[in-house]
Amino acid sequence: MADIIDELIRKRGFASRIFRNREVLHPDYIPDTLPHRENEIRRLAEHLLVSAQGMRPSNVLIYGLTGTGKTVVVKYVVSKLKEKASSLNKRLDYAYVNTRKLDTTYRVIASIAQSIGLRVPHTGLAISEVYRRYINALDSWGGLHIIVLDEVDYYVKREGDDLIYKLVRANEELSKAKIVLIGITNDVNFIENLDPRVRSSMGEIEMVFPPYNAEQLFTILKQRAELAFNQGVIEDGVISYCSALAAREHGDARRALDLLRVSGEIAEREGAERVTIEHVKKATLEIEEGRIYQSVVTLPLHQKLVLKKIVELVEAKGSTTTGEVYTAYSNIMRNLKYEPLSLRRISEIISQLDMMGLIISEVVNRGKYGITRIIKIRKDMLPVIKDALKDVEA
Ligand SMILES: Nc1ncnc2c1ncn2[C@@H]1O[C@H](COP(=O)(O)OP(=O)(O)OP(=O)(O)O)[C@@H](O)[C@H]1O
């Protein structure tokens, strides 16, 4: 056994050959500078400063596709303002709540209250009681409290907008303190679904974060790579290749950074001296496989059964049709003594699987035999789909 460890250490050493500081590529890391977001930083900071100076605060709603820097810009601005305020003895603090992760109103309000030092038990209090304690404590503290609700559309869809309504109206109850809300969302239609009372106060100031282009992604990646990797380990062309790939997929900086991180991890696993374009190609596949695996294991049961039948038919014949899938699906449902879903429903499921990128389907006109849908699965994705379906018994 000790030999295995010795050999590994001889081959790899203790320090990574590739990474100098992996943390820099972690999604929660906040860099010292955020290239190409200077205007957004200035606008948000100016607006929050006006509120800190005692004007009536207006709330901010930030839209943008994933990976356009919404979260990192907001965290950067609020943490810098807090730092400055505390060095000048001014009262300014913030709560950052990802409302997709903290998924109940109780947890959201508890987290907001905790950010100003209140102790709130995990359960046991009424939401209105936590809210009352928060408002009282805030008013005796007497500063500006910035509440950031990230992925706020998830929260509103699940829990409604009562809490948000209360928070936007809270300034009327407060005499010394003030609250500013910052909502962050990927969903451009979010505001439409809000109660009109909330809509007008929540979206007083709207900011839209545009996607990055390949050149902008290049600057962002270059800056991170210099901190994250050892000198000289990134081969020429790797950063521009990652930037170009991510720019093609709607300019997502998270995707670009993930690609670079996974490429580095693959290079390290292979014991390579440098990260090459080949590693980026492998990383693309690995990330895609991870995405596919996750989407398959989280499918509902009927979707999984339909996909399983498609896999079996495609493996046997290269491609299949809706009719064949329906027959195979109905047979197993009968064996399991369940009522099968209708053909129309199965056709819908097939279209959904297509939209999710799990299968490829094409409608062809076969003259007198009518219209049919030919279904295939990408060869390189078959093993990962099968693996994700291995526990489905049918
Ligand atoms: N201008 C930038 N400079 C440096 N890093 C950036 C910049 N913009 C985004 N990033 C990095 O890209 C990643 C994704 O950014 P962020 O989480 O802010 O995106 P987002 O718009 O909030 O996405 P989502 O809607 O999916 O939450 C983070 O690691 C962030 O640090």
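Two strands count as paired if DSSP finds at least two bridges between them. Helices (H or I, at least four residues) and strands (E, at least two) are DSSP runs, numbered from the N terminus.

This is a predicted model, so to speak for local features pLDDT must be at least 70, side-chain atom pairs count only at pLDDT 80 or more, and totals for chains, interfaces and linings use all residues. Residues are numbered from 1 along each chain as its sequence is written, and side-chain values use heavy atoms, with hydrogens and water left out.

**Exercise 1.** Work out the strand order of the open sheet and find its edge strands.

*Solution.* Start with the order: the five strands run 2-3-4-1-5, with parallel pairing. Now look at the ends: strand 2 (92-98) and strand 5 (205-209) each pair on one side only. Next, zoom in on strand 1 (residues 60-64), which is joined to strand 5 by five bridges. There, valine 60 sits opposite isoleucine 205.

**Exercise 2.** Describe the contact of domain 1 with domain 2.

*Solution.* First get the bounds, which come from an automatic or database domain assignment: domain 1 is 38-209 and domain 2 is 213-295. Their C-alpha centres are 34 Å apart. Then count who touches (heavy atoms within 4.5 Å): four residues from domain 1 and five residues from domain 2. Now the buried area, meaning accessible area (1.4 Å probe) lost on being put together, summed over both parts: about 330 Å², 44% of it on carbon and sulfur atoms. Finally, Leu65, Thr66 and Gly67 supply 87% of what domain 1 buries against domain 2.

Terms used: Buried area is the accessible area (1.4 Å probe) that two parts lose on being put together, summed over both.
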